[in-house]
Each structure stands twice: as C-alpha cells, then as structure tokens.
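Notebook open, structure loaded. I'm jotting down what I looked up, entry by entry.

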Amino acid sequence: MNTKRLSANMEKALSDQMNKEIHASHVFLSYGIWADDKGYQGIANFLYRHAQEERNHSIKFMEYVLNRGGKPKVNAIPAPPADPKNLTACFDGVFKHEVDNTTAIYKIVDLSMEEKDWATWNFMQWFVQEQIEEETLAQNLIDKLKIAGGDRATDESLFTLDKTLQEAPGDVPLAQNATGNNP
C-alpha cells in the first residue's frame, strides 16, 4: 500500500526548502564567525543563535516530509558568500537572505494551493508567520545600526549595539502570541 501523502513535486519543493534552510544556517554561521573575528562577540552570538534557528527550520521540513511518507533529499550546500565588508553589508545580507527565503516559502504555499494539499498548506502557515518575524528582525538590525551611525558609527555606539545584541533574547516573540497588552 502506498502511504506517501505528498506529490513528487511537493516532496522536491519541501526537500529543496530543507536544504535552503541548511544553507541559511551556514550563511549566518559564516557571518557570525566574521563578526567574532572583528571583535563583535555580541553580534556574533546573535548570528550563531540565528544559525541554529535556521538549522532547526531545516529539521522541521525534514520531519514533515518523513511524516507524510516521503523521503527528503539532502543536497550539497553551496558555500556561504564572502565575508561582508562591514556591519552594514552583514545586516543587509541577513535581510536579503530572509527576503529570498520568504519568496521560496510563498512558492511552496502556492504549490500547496495548486495541488489542494491542505496539510502542507497548513504546515507552511507556521513558516509564513516565521518569515514575517525574520524579516522584521533583520530590518530591526539595519535600523539599529543606522541609529548607531551606520558605517560611520563611533566605537562607543558599536560597543553599545554589540552589547544590546548580546543580551537580546534567544527566541523572537511569536506574533500569534501578541495581545493588546503585549504587542
């Protein structure tokens, strides 16, 4: 009896996204190493945590495909981009990566609607919400750096930004948990 509950196209799309999440993990790990090497241990720690979060996302895709009777395929992961030239390039890279990931997530949602695969559509809603939070987080990095002075920030401003990101909570609050009293 065939117990596979995913089309071949959906299985491939989900596997591709699993690999995209692994690549994102490597990109953020690479950026974290760059920041650590530059003396930004707080920013590095923030990026390391983000790298782990992306790896966890890849595991969510893996488990879902397996639970639906499929077999995810692990592909070769492309090398991360070259080290950023500065913090602006680093944070811009984080934002660009999140926007690219959002686009890929939306394509899977579109495919699930096209195939009337409501289980996958429902599964993907978590990632739709997550990408709103990820893009907001990345935009906040860019905004904080601009407030600090951007590429012309003083050492004191960069020290404060680094310390702020070091102390940032590891988990981003989920929008679905927001209320009027807790936006």
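I started with the UniProt record, an unreviewed entry, which lists residues 4-149 as "domain: Ferritin-like diiron". UniProt positions are in the numbering used here, feature names are shortened, and annotations may be inferred rather than shown by experiment. Over residues 4-149 I get 79% helix and 0% strand, with the end C-alpha atoms 54 Å apart. Helices (H or I, at least four residues) and strands (E, at least two) are DSSP runs, numbered from the N terminus.

**Ground rules.** This is a predicted model, where local features need pLDDT of at least 70 and side-chain atom pairs count only at pLDDT 80 or more, while totals for chains, interfaces and linings use all residues. Residues are numbered from 1 along each chain as its sequence is written, and side-chain values use heavy atoms, with hydrogens and water left out.

Which residues does the "binding site" annotation cover? The unreviewed UniProt entry gives Glu21, Glu54, His57, Glu98 and Gln131. They span 111 residues in sequence, but no two of their C-alpha atoms are more than 12.9 Å apart, so they gather at one spot.

I looked at Glu21 next, and found it in helix H1 (residues 8-37). Glu21 counts as buried because its relative accessibility is 0%; the cut-offs are under 20% relative accessible area for buried, over 50% for exposed, and partly exposed in between (1.4 Å probe, protein chains only). Not counting residues up to four places away in sequence, Glu21 touches Glu54, His57, Ser58, Phe61, Asn101 and Ile105. Contact here means heavy atoms within 4.5 Å.

Glu98 sits in helix H3 (residues 87-114). Is Glu98 buried or exposed? Buried, with a relative accessible area of 1%. With residues up to four places away left out, Glu98 touches Phe28, His50, Glu54, Gln131, Glu134, Glu135 and Ala138.

I also checked Ser25, which is in helix H1 and buried at 13% relative accessible area. Its contacts, again not counting residues up to four places away in sequence, are Ala51, Glu54 and Arg55.

**Cores.** A nonpolar core is a set of buried Ala, Val, Leu, Ile, Met, Phe, Trp, Tyr and Cys residues joined through side-chain atoms within 4.5 Å. The largest one has 26 residues, and Ile43, Leu47, Leu87 and Phe91 touch the most other members. H1, helix H2 (41-67), H3, helix H4 (118-148) and helix H5 (155-167) each give two or more residues to this core. There is a second, separate core of 17 residues, including Ile22, Ile105, Leu111 and Phe127. I zoomed in on Leu47: leaving aside neighbours within four places in sequence, Leu47 contacts Phe28, Tyr31, Gly32, Ala35, Cys90 and Val94.

**Rings.** How many aromatic pairs does a search of the whole structure find? Six. Rings of Phe, Tyr and Trp (its six-membered ring) pair if their centres lie within 6.5 Å; planes under 30 degrees apart count as stacked, over 60 as edge-to-face, and the rest as tilted.

Phe28 and Tyr31 are edge-to-face, 6.5 Å centre to centre with 65 degrees between the planes. Both lie in helix H1, three residues apart, about one turn of the helix.

Tyr64 and Phe123 are stacked, at 4.0 Å centre to centre and 10 degrees between the planes. This pair links distant parts of the chain: Tyr64 is in helix H2 and Phe123 in helix H4, 59 residues apart. Both are buried. I also noted one aromatic cluster formed by Phe61, Tyr64, Phe123, Trp126 and Phe127.
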